[in-house]
Amino acid sequence: MTEYEKQFSNESISCAHVDNVLSFQFLGNHIDYAALDAIDIGVTLAQADPDVRAIAFEITADGDDPASHSPIPQRFAHRVPKGSHGHGPIVEQTTILALRECTKPLIAYMRGEVNGVAIDVAAVCDLRVANESMTMCDTRILQGRAANTGISYLLPKLIGQSQAMRILLLGERLTAAEAHRIHFVHEIVADTDFDQQMNDFSNRIACMATRAWQIHKMQVLGQQHLDFESAMIHSLGIRQTHVINDRVEGIKAWRERRDPEFSGT
């Protein structure tokens, strides 16, 4: 058992670290604070760990149940207001922000039922793969709740305002095929092949030039609100201050017509 597994596996989430891939699997039917806090701290730790080249999430969850979130982590106690109003989505937002700030490859594997805040976790990842029987639905509007955990920012940028409004305001249930049609899901995999595909795809990503992947993410996420000239300057600044050692191996392998052996640095 790795240190990640010892530290971040609990009754709500399973954590594993195998072959440079750090993976989290939601357990049970609802996402709670224990699961979100484990992801937040685990991903933040992995960001600086050279032995983690990709991070995968197996997401099967019918959203979150405010009545059974589990106690709020002690480190957030000072941010909880007194009175009947209660605290806002502090833990949820902190977790989504940690994922947003992580430049390593993030892959969401959506299986079965994926509802509510589980969609937020998938949306903040770089790639989303679904099994063919997956369905997704943001049920928060149907419960009279606001989706204030980052999805109102992320979703329009991924699939456009019209489709984002459809999901957030109507609470429609989308099939995997429909999620793929509107470009929320990148790939659909047969149910019988899904476990193998999760393993193969994660390992393939982890063997890529993941440092170059990080640089691409820094540019794409950092330039969404910039004009073109400012984006070009931003890209140049990143180019001048971030080294990609794998570039040498990549060019050499291309010249020698062989597969590259990237180190992720």
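Is the crossing of α9 and α10 right-handed or left-handed?

Author: Happy to look at that with you. This is a predicted model, in which local features need pLDDT of at least 70 and side-chain atom pairs count only at pLDDT 80 or more, while totals for chains, interfaces and linings use all residues. Residues are numbered from 1 along each chain as its sequence is written, and side-chain values use heavy atoms, with hydrogens and water left out.

The crossing of α9 and α10 is right-handed (the near helix is turned clockwise from the far one by less than a right angle). Helix α9 covers residues 210-222 and helix α10 residues 228-241; helices here are DSSP runs of H or I, at least four residues, numbered from the N terminus. Their axes lie 10 Å apart, at an angle of about 155° (axes are lines fitted to C-alpha atoms over the stretch in contact, and angles run from 0 to 180 degrees between N-to-C directions). That angle makes α9 roughly antiparallel to α10, a label for angles over 145 degrees.

Which residues meet? From α9 come I215, M218, Q219 and G222, and from α10 come H234, S235 and I238, where contact means heavy atoms within 4.5 Å. Of the residues in this contact, three are nonpolar, four polar and none charged (Ala, Val, Leu, Ile, Met, Phe, Trp, Tyr, Cys and Pro count as nonpolar, Asp, Glu, Lys and Arg as charged, and the others, Gly among them, as polar).

Helix α11, residues 246-256, holds A253. A253 counts as buried because its relative accessibility is 1%, and buried means under 20% relative accessible area with a 1.4 Å probe, protein chains only. Leaving out residues up to four places away in sequence, A253 touches R258, D259 and P260.

Key: Helices (H or I, at least four residues) and strands (E, at least two) are DSSP runs, numbered from the N terminus. Angles under 35 degrees count as roughly parallel, over 145 as roughly antiparallel, 65 to 115 as roughly perpendicular and the rest as oblique. Buried means under 20% relative accessible area, exposed over 50%, partly exposed in between (1.4 Å probe, protein chains only).
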